[in-house]
Amino acid sequence: MFYRDLNVPSIIEIGRNRIEQIDNLLLRNHIYFKNKVLFTQENLYNVYKDSLCVNTFSEIVCIKGGVFEELSCIHLKSSSTDALYVAFGGGSVIDSVKMFASMTEHPYLTIPSTLSNDAIYSPIARLIKRGKKRSFGVIAPIGIIVDTDVIRRSPRRLILAGVGDLVSNLSAKKDCEIAERNIGETIDAFALELASLGAESVLKFKVGDINTDLFINRLAYGLIFSGMAMIMSGNSRPASGAEHLISHAIDEYYPDRSTLHGVQVAWAQLMLEKYVRKDQQAYHQLYNFFKELGLYEMFSECLFFSEDDFRKLLPLAREMRKRYTVLNTIDL
Ligand SMILES: [Zn+2]
């Protein structure tokens, strides 16, 4: 079969007190498994063990997450094929479970403890393998549960990074349009629109809104839309353009200076608009939004790259992968 056959997520639940209702939510969405294995981090488990429906799980596995080599150390007590994996944690736990579920061919769902990037619902895992961060294509989650109370308690810098990753879809969209125009690349217009609508939906918010249900809902849905857009188009195109290549170049060539993915792509997007695309309107809109939200301050707090460093990153970024972006249209 060569035509697109899109499976919608079996469960998307976003709201308050969701982790206390995991059992009911699964039943309500007709998700029945003999065994359910919860993967999480020890510190997170200790904070939430009284709220999580721990009795619903046949096994609870604490992992560090984020490192490929750790996966070979995971040995489940039961090797039941009728098991659902549940990833409760930040990006590193979720990415590890995605990879582990793909390797063992098990369905999984995610319960993010924060919203730091679009990995919460996407077919891509970023893991450190042999000391370097790598992207892996994985099976998509069967669904996602977002507890807005848990997200609200997570560090603000992680939530801001999630905003950065989401808004970078607007940069990715520009690169898709260039690729379509200049080299005739086939772009999935619907997936692209979905990803950019999610990004646009958060642009009106300011720093005072970050703890509100409305903001957390918009951010969660936006990041889920990004993941769905990637699943639909069969690649990360709708949510990953030159700004992601620059972020990957930082991870690759300056691992000691790398920071949160969402912060790196946000900074790269801002720099691209100013110095490469030279779209002053987009630059000012983005600058003002980042300023209003408190994301701009994070650049000077945790991202130690000057504008000169940015220029040096461009040729490295262009070689990161075979993907036509605005970087292919300029002399480097
Ligand atoms: Zn990203």
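Here are some notes on the domains, the interface between them and the metal site.

1. Before anything else, please keep in mind that this is a predicted model. The chain splits into domain 1, covering 11-153, and domain 2, covering 156-329. Between the C-alpha centres of domain 1 and domain 2 there are 25 Å.

2. Next, the place where the domains meet. Here 24 residues of domain 1 are in contact with 26 residues of domain 2. Together the two domains bury about 2,200 Å² between them, and carbon and sulfur atoms give 64% of that area.

3. A salt bridge to look up is that of Arg 134 with Glu 252, whose side chains meet at 3.0 Å, N to O. Eight residue pairs are in polar contact across the interface of domain 1 and domain 2.

4. On the side of domain 1 that touches domain 2, the elements giving two or more residues include strand 1 (11-15), strand 6 (124-129) and helix 4 (148-153). Strand 7 gives the most to this side, with four residues.

5. Now for the metal: which protein donors hold the zinc ion? They are Asp 165 (OD), His 244 (NE2) and His 261 (NE2), at 2.1 to 2.2 Å from the zinc ion. Along the chain, these donors follow the spacing D-x78-H-x16-H. His 244 sits in helix 9 (residues 242-253) and His 261 in helix 10 (residues 261-276), 17 residues apart. Both His 244 and His 261 are buried.

Conventions
Residues are numbered from 1 along each chain as its sequence is written. This is a predicted model: local features need pLDDT of at least 70, side-chain atom pairs count only at pLDDT 80 or more; totals for chains, interfaces and linings use all residues. Side-chain values use heavy atoms; hydrogens and water are left out. Donors are N, O and S atoms within 2.8 Å of the metal (3.2 Å for Na, K and Ca); water is not among the atoms, so sites may look incomplete. Buried means under 20% relative accessible area, exposed over 50%, partly exposed in between (1.4 Å probe, protein chains only). Domain bounds come from an automatic or database domain assignment. Contact means heavy atoms within 4.5 Å. Buried area is the accessible area (1.4 Å probe) that two parts lose on being put together, summed over both. A salt bridge is a side-chain nitrogen of Lys or Arg within 4 Å of a carboxyl oxygen of Asp or Glu. A polar contact is a pair of N or O atoms within 3.5 Å; within protein, one must be able to donate a hydrogen and the other to accept it, and residues adjacent in sequence count only if both atoms are side-chain atoms.
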